[in-house]
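The following note sets out points on the structure shown below. Please read each point with the model in view.

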Amino acid sequence: MDKFTTLEGVAAPLKIINVDTDMIIPKQYLKTIKRTGLGKGLFSEQRYKDDGSENPDFVLNQPAYRNTKILVAGDNFGCGSSREHAPWALLDFGIRCVISTSFGDIFYNNCFKNGILPIRVSQADLDKLFDDAERGANATLTIDLASQEIRGPDGGTVKFEIDPFRKHCLLNGLDDIGLTLEKKASIDSYEAKLAERAWA
């Protein structure tokens, strides 16, 4: 998993509440267990018209937001089913951070396991961040995980809380496998001792 230390990029405003995982990545894209290639299906029912052409009104199709790394979203983002494909699709598109007032619990946990930082903020702070994000290409935010701070284009800051263990994992690029490998010396030592006791 790539480390998450400081992220700077254009933030896209998605002023929709209760965005569920089916909206993030519709069911027809769930046939794969690969984590790549899902970016094309991200918000596909909003991004594309029935004929397959792009919907110019959807935020991620607008020129300023095509390469967005940060999503500023309405309340209860990622609710619904537990599909891990939702964070996979966001990551494959290039989004490493989602900011909202609240998240679906399973989606929230899956984000951390896949190197995405979900940030909870107050409604007042979200409104400020929406204002920043609506500036288009000038909507650059800086997410500093070490200092737990979001810096806006005008120098304003928003502080956020995060569980210390999850922060450690993101800063060091540790998913569940990485955490296990941190114990490799102890595992190797245990297996060597076990090999000495053939009856065990």
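1. S53 is partly exposed because its relative accessibility is 28%; buried means under 20% relative accessible area, exposed over 50%, and partly exposed in between, with a 1.4 Å probe and protein chains only. S53 lies in the loop between helix 2 and strand 2. Helices (H or I, at least four residues) and strands (E, at least two) are DSSP runs, numbered from the N terminus. Leaving out residues up to four places away in sequence, S53 touches R47 and Y48, where contact means heavy atoms within 4.5 Å. The side chains of S53 and D51 are joined by a polar contact of 2.6 Å. A polar contact is a pair of N or O atoms within 3.5 Å; within protein, one must be able to donate a hydrogen and the other to accept it, and residues adjacent in sequence count only if both atoms are side-chain atoms.

2. On the basis of these values: this is a predicted model, in which local features need pLDDT of at least 70 and side-chain atom pairs count only at pLDDT 80 or more, while totals for chains, interfaces and linings use all residues. Residues are numbered from 1 along each chain as its sequence is written, and side-chain values use heavy atoms, with hydrogens and water left out.

3. Which residues touch the most other members of the largest nonpolar core? Among its 51 residues, they are F43, F77, L90, I99, L117, I143 and I150. A nonpolar core is a set of buried Ala, Val, Leu, Ile, Met, Phe, Trp, Tyr and Cys residues joined through side-chain atoms within 4.5 Å. At least two residues of this core come from each of several elements, including strand 1 (6–14), strand 2 (70–73), helix 3 (85–93) and helix 5 (123–133). In soluble globular proteins, nonpolar side chains tend to be buried together.

4. Beyond its neighbours within four places in sequence, F77 is in contact with residues including L14, F43, L71, L90 and F107. F43 itself sits in the loop between helix 1 and helix 2 and is buried, with a relative accessible area of 1%. The phi of F43 is positive, near 50°, in a residue other than glycine. Most residues other than glycine have a negative phi.

5. Q148 also has a positive phi, near 55°. Q148 is located in the loop between strand 5 and strand 6 and is buried, with a relative accessible area of 16%.

6. The sheet is open, has 7 strands in the order 4-3-2-1-5-6-7, and shows mixed pairing; two strands pair if DSSP finds at least two bridges between them. Strand 4 and strand 7 (157–159) are at the edges with a single partner strand each, so one side of each has no neighbour in the sheet. From one strand to the next, the twist averages 25°. Strand 1 and strand 5 run antiparallel and are joined by 5 bridges, and L7 stands opposite I143 in strand 5.

7. Is helix 3 largely enclosed or open? Helix 3 is largely enclosed by the rest of the structure, because 7 of its 9 residues are buried. Those buried residues are H85, A86, P87, W88, A89, L90 and F93. Their cover includes helix 1 (21–24), helix 2 (44–47), strand 2, strand 3 and helix 4. After helix 3 comes G94, with a positive phi near 120°.

Definitions and conventions:
Axes are lines fitted to C-alpha atoms, for helices over the stretch in contact, and angles run from 0 to 180 degrees between N-to-C directions.
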